[in-house]
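Please keep the sequence and the structure in view while reading.

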Amino acid sequence: MGVYVPVYYSRFRCVAGDCRHTCCAGWQIDIDADTQAVYQKMKGASGEAIRASLVAHEGGVHFATDQSGRCVHLDGQGLCRIIAEGGEGMLCHICREHPRFYNSVAGHTLCGLGAVCETAAQLLLHEPDHTTLVCIDGGAAPLSLDDAALWPHAALFVILKNSAVPFDGRLAQIRQEFAGGLFLPSREWCRLFGSLEYLDKKNKKRFKRACRFVPGDVRQETAPEVALLGERFLSYLLFRHVMPTAGGRDTCLAVATVLVLLRVFLALLAMGMAPVVAARTVSEELEYSEDNMEAIRFALDLQLLG
């Protein structure tokens, strides 16, 4: 039993000050209790500066932000003063782990990189092998997401990898076999995406228009280069959001939800947005928002109930 990651994981490096969309802005960065205790005991000017930046809120503590929404510990070059002065070991859990996420299956820990990070999005959209997982804490053999012995939902990835079938045909098969044929009609789509909360208000209009660019019951042939990007992004979404222990209704709604996210991604590409920016935008606005993901799931659940 070990920790398994996508084959591109080892190539991930935070680009820090060169990042065009820093993860240290626009978010409320909550600080775990263990790190809080360390900060409270720190001596000197660094300790005083960190403690002065802590903001208490219901349920915890987070770092203060400046008027532009940037963490107050970011310097003018976009670098973290906490790392510069104390090393990465001084970071709180969220800052240390981002953009990683974890799932467990068959006694293994599966770790991935969230597309909300533009560097991670670049890797996952350009990796040909999107179903192989390699072990990073031992010499164990690789695992594959389309291996039924490992993954209860391996058939999802078997369908997705079957390049003999056009991409749109694969999506239709996944929708029918795993998502109960669910999709949001245009009226419900506009209502839903008009009600969500957005970090960038421009995305409200973009997301509402998405159903016009990519119909929910898509049947037209997708361009090969777009299909390839869609296949890789959907593989990432399935890996992250379809829990191995899920079944029945939970699996149906999870798959239907990621197909909605894919639909927005494909629509943003059709609107002319660059692939990495489109992936990051969907991730930031939807999959990293618990409230928005729950709203999508609820809207699909209503469709399921009929």
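## The contact of α8 with α9

Helices α8 and α9 pass one another in a right-handed crossing. The model in which this is seen is a predicted one. The axes of α8 and α9 (residues 202–213) lie 8 Å apart, and the angle between the two helices is about 165°. That angle makes α8 roughly antiparallel to α9, because an angle over 145 degrees is counted in this way.

Which residues bring the two helices together? On the side of α8 they are S186, W189, C190, F193 and G194, and these meet K204, F207, K208, A210 and C211 of α9. Sorted by class, six residues in the contact of α8 with α9 are nonpolar, two are polar and two are charged.

## Aromatic pairs

A pair of aromatic rings is described by the distance between the centres and by the angle between the planes. Rings count as a pair when their centres lie within 6.5 Å, and by this rule there are eight aromatic pairs. One of them joins W189 and F193, with ring centres 4.6 Å apart and planes at 35°, so this pair is tilted. Planes must be under 30 degrees apart to count as stacked and over 60 to count as edge-to-face.

W189 and F193 both belong to helix α8 (residues 186–195), where they are four residues apart and therefore separated by about one helical turn. W189 is buried, its relative accessible area being 0%. F193 is likewise buried, with a value of 0%.

A further aromatic pair is formed by Y198 and F207; the centres are 5.7 Å apart and the planes stand at 75°, an edge-to-face arrangement. Y198 has a relative accessibility of 7% and counts as buried, because the limit for that class is under 20%. F207 is buried as well, at 0%. F207 also takes part in the contact of α9 with α8. Elsewhere, F101, F233, Y236, F239 and F265 form one aromatic cluster.

Is helix α5 largely enclosed or largely open? Of the eight residues in α5 (residues 118–125), seven are buried, so the helix is largely enclosed by the rest of the structure. The buried residues are E118, T119, A120, A121, L123, L124 and L125. Among the elements that cover them are β5 (108–113), α10 (224–241), α11 (248–270) and α12 (275–287).

One of these covering elements, α12, packs against α5 at an angle of about 115°, with the axes 9 Å apart. The crossing of α5 and α12 is right-handed. In this contact, α5 contributes E118, A121, Q122 and L125, while α12 contributes P275, V276, A279 and R280. By class, the contact of α5 with α12 holds five nonpolar residues, one polar residue and two charged residues.

## The loop between β4 and β5

The loop that lies between β4 (100–105) and β5 contains A106. A106 has a relative accessibility of 47% and counts as partly exposed, because that class lies between the 20% limit for buried and the 50% limit for exposed.

Where the chain is concerned, A106 and L150 are 44 residues apart, yet their C-alpha atoms are separated by 6.5 Å.

Note on methods
Residues numbered from 1 in each chain as written. Predicted model: local features only at pLDDT ≥ 70, side-chain atom pairs only at ≥ 80, totals over all residues. Heavy atoms only, no water. Phe/Tyr/Trp six-rings, centres within 6.5 Å; stacked < 30°, edge-to-face > 60°. Buried < 20%, exposed > 50% of the residue type's maximum accessible area, 1.4 Å probe, protein only. Axes fitted to C-alpha atoms, helices over the stretch in contact; angles between N-to-C directions. Parallel < 35°, antiparallel > 145°, perpendicular 65-115°, else oblique. Left-handed = near helix turned anticlockwise from the far one by under 90°. Contact = heavy atoms within 4.5 Å. Nonpolar A, V, L, I, M, F, W, Y, C, P; charged D, E, K, R; others polar.
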